[in-house]
Amino acid sequence: MSESVLTALAEINCPAADPLLRPGNGNCGGCGMSTALQFLGRAMDDRRLQIVIPASCGAITVGPFPYSAMGVPVILSTFGSAASVATGMSQVARLNGEGTRVVCWAGDGGTYDIGMASLSGAAERNEDILYVCYDNEIYGNTGGQRSSATPAGAATTNTPRGKVEQKKDILGIMSAHRIPYAATLSLAHPQDAIRKMRRALDLHGFRFLHVLAPCPTGWKSEPALGIRALPGGGGGGRAQAHHQRRARLLRGGARALPVAPAPVPEVGHHHRRPAPGHRAPLAGPAPAQRTDRPGGARTLKQSRRT
Amino acid sequence: MAGQLISANHAAALGAALAGRANRTGRGFCSGVYPITPSTECMELLCNQEIEKGHVVRVESEHSAMGVCIGASASGARTFTTSSSNGIAYMAENLVAAALLRLPVVMVAANRTLGPPWNVWADHGDTLMLRDSGWIQLYCADNQEVLDSVLCAYRLAEDRRIQLPVLVCQEAFVLSHTMAQTEVPGQEQVDRFLPPLDLPDRIDGTPRVIGGVTVPHATEVHRAQHQEAMGRVWEVYREVQDGFEAEFGRRPADPVIPYRADDADVLVVSMGTIASTVERAVDEAREKGIRLGGLRVRTFRPFPSEQLAAAFRGRRRIAVLDRNISLGFGGVLWGEARGLADPGAVVQGYMIGIGGGDVRPGHVLAIAEDVASRAAAGAPVLMEAGA
């Protein structure tokens with residue numbers, strides 16, 4: 001049998017990984033995730049990447065069978081399985097002495113919601129995976145429903161009067177797993193974002209990056225102005241402003257629900273452990289407390305040079 | 001080769017470990033496992049095995065166990081997992097994904113009743129729920145068959161003409177926890193029987209997408225390929241039987257196994273361990289001059305329609321026993337087999353041993369008497385075997 005039997009397997013005649021994201025991809029104009037992928041393409045240099053994308057806009061990004069718009073091998077997993085599928089891939093790479101960097105590229109739905117258990121499991125096991133969550137604060141691929149990453153007050157297609165609940169503190173959750181590296185990055189700071197991506201690519205163990213990714217289609221915002229709306233993006237705006245505006249639009253000009261003022265965190269967060277694979281003993285010292293962010297409700301991560 | 005007194009769970013784990021080690025010159029062995037009664041002892045023993053170039057990931061759910069198998073298998077490693085009942089139900093999404101990705105994963109199910117209410121005893125409903133999932137399904141009747149089937153499963157799954165996952169089924173406690181003398185082959189023999197896996201189109205450094213977005217026509221083509229691969233199982237399985245017999249000196253069972261069926265006035269069809277009980281009942285009936293015969297269905301997917309039709313030829317009274325119930329219909333095996341008999345033959349369905357009820361030869365004899373007395377088949381009968 002010479003036929004390819006792996007379902008929906010496509011191959012492209014372009015051995016170089018540059019650019020990582022290619023023409024013909026399925027993303028919308030102004031998609032923040034596209035920009036983040038271009039950053040990853042810059043950050044990866046000649047590192048060997050394998051990417052796992054769970055059900056999300058990322059599955060559309062790669063384009064329809066039998067083509068691929070990505071410069072590296074990609075496997076599309078079921079919605080809640082990015083971290084578990086990546087576990088199998090990175091373990092086999094390790095068994096074979098390969099330096100492959102396995103990257104999960106998941107949206108907020110696949111991270112904060114349906115993928116939370118497998119994400120937590122892989123982080124607890126300190127699997128050698130870089131997990132990137134591009135967070136557009138909605139289920140973008142299904143047309144803009146609320147997720148647990150949607151900030152309070154934001155109007156979505158299934159919370160038309162505004163979401164009542166607060167956004168989950170994903171960095172708090174991930175840092176509680178005491179993983180080697182967790183950071184937020186902003187598309188408005190390319191150099192900082194790429195530096196953090198390189199650092200995360202080179203470390204071993206479970207690493208987590210959070211990217212706030214504007215979604216003009218879902219946010220009903222201007223595609224050209226996505227990055228300006230980000231903290232530090234020059235627009236003086238914050239994602240909440242987008243959501244408030246969107247809420248007004250969706251509700252025919254009515255006022256959006258008030259958003260409680262949230263302190264803007266000072267820095268992207270990361271902390272390290274002594275060496276990969278090392279675990280604090282059960283009766284050992286308590287994990288380091290984060291001191292770099294104020295407490296209370298946080299709905300947005302702002303990144304700056306550290 | 002040495003005989004050991006072990007349970008079917010341990011036989012399965014030893015089979016998986018032997019197969020895993022046999023891929024040490026390939027890309028190794030990687031398994032994701034999660035405990036659930038009654039398959040737990042299988043994963044426990046696997047976690048205690050030394051497997052060169054192998055790793056067992058203790059994940060946080062059955063869903064992730066199959067996720068690990070998908071990632072490892074797509075990377076070219078040999079993979080294995082085991083589960084039961086609601087664990088299989090929870091794993092189901094990724095089980096379907098493994099099949100549709102054409103990944104040669106092998107899984108052993110310790111068949112257990114689905115809950116709630118919670119019942120740990122034997123019932124085939126958990127794996128029959130996966131009837132349409134695209135997995136090959138084998139149902140075993142003893143511990144030796146479980147171990148041998150695991151080894152055969154890898155040969156079948158990894159054959160380029162097939163490239164499909166295989167589910168080896170053994171019933172809760174009746175096999176999973178019952179110890180029996182089992183021949184455990186040596187590693188050198190298994191190395192010869194199971195060459196290293198060379199998965200075509202595995203994920204490596206080449207830019208490609210596995211599991212991308214498709215349109216209706218592409219899906220039609222993929223389903224046709226999958227269906228054709230299922231159709232090639234009979235031919236490949238015969239080769240696997242030959243290879244196994246040449247190496248280990250015993251022949252794995254055929255897809256359909258008749259027992260004193262040639263001249264039977266009444267034929268009793270079943271799967272798994274109930275078939276062993278049927279054999280005992282057949283012997284008892286024959287001593288009394290009643291011409292009873294048995295038929296065990298070992299391969300449920302692909303479904304052995306031709307083999308069953310041949311075995312049914314000339315038989316006028318056929319009882320199909322199901323240790324499962326497709327609610328709102330009847331027994332699953334009966335539903336698939338009832339159209340294969342000669343015109344005018346009575347094919348009566350009986351659901352017995354549901355929820356682990358203890359099926360005894362007396363039950364089988366009563367069923368034989370019932371079907372012999374029928375002029376025509378009626379609605380499927382739900383019999384209480386109790387415990």
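This is a predicted model: local features need pLDDT of at least 70, side-chain atom pairs count only at pLDDT 80 or more; totals for chains, interfaces and linings use all residues.
**View 1. Extent of the interface between chain B and chain A.** Each side is made up of 50 residues, counted for chain B and for chain A. Together the two chains bury about 4,000 Å², with 60% of this area on carbon and sulfur atoms. Of the area that chain B buries against chain A, 17% comes from B:Pro207, B:Val209 and B:Val213, more than from any other three residues.

**View 2. Salt bridges and polar contacts between chain B and chain A.** Two salt bridges are counted between the chains. One salt bridge joins the side chains of B:Glu60 and A:Arg125, with an N to O distance of 3.3 Å.

**View 3. Elements of chain B on the side that touches chain A.** At least two residues each are supplied by the strands β2 (29-33), β3 (54-58) and β9 (208-210) of chain B, and by its helices α3 (62-74), α4 (85-100) and α8 (216-231). Helix α3(B) gives the largest share, eight residues. By residue class, this side of chain B holds 20 nonpolar, 17 polar and 13 charged residues.

**View 4. Strand pairing between chain A and chain B.** Strand β3 of chain A, residues 74-77, pairs with β9(B) over two bridges in the parallel sense. A:Ile75 has B:Ile210, in β9(B), as its bridge partner. Strand β9(B) is also among the elements that supply at least two residues to the side of chain B touching chain A.

Note on methods. Residues are numbered from 1 along each chain as its sequence is written. Chains are lettered from A and ligands numbered from 1 in the order in which they are written. Side-chain values use heavy atoms; hydrogens and water are left out. Contact means heavy atoms within 4.5 Å. Buried area is the accessible area (1.4 Å probe) that two parts lose on being put together, summed over both. A salt bridge is a side-chain nitrogen of Lys or Arg within 4 Å of a carboxyl oxygen of Asp or Glu. A polar contact is a pair of N or O atoms within 3.5 Å; within protein, one must be able to donate a hydrogen and the other to accept it, and residues adjacent in sequence count only if both atoms are side-chain atoms. Helices (H or I, at least four residues) and strands (E, at least two) are DSSP runs, numbered from the N terminus. Ala, Val, Leu, Ile, Met, Phe, Trp, Tyr, Cys and Pro count as nonpolar, Asp, Glu, Lys and Arg as charged, and the others, Gly among them, as polar. Two strands pair if DSSP finds at least two bridges between them.
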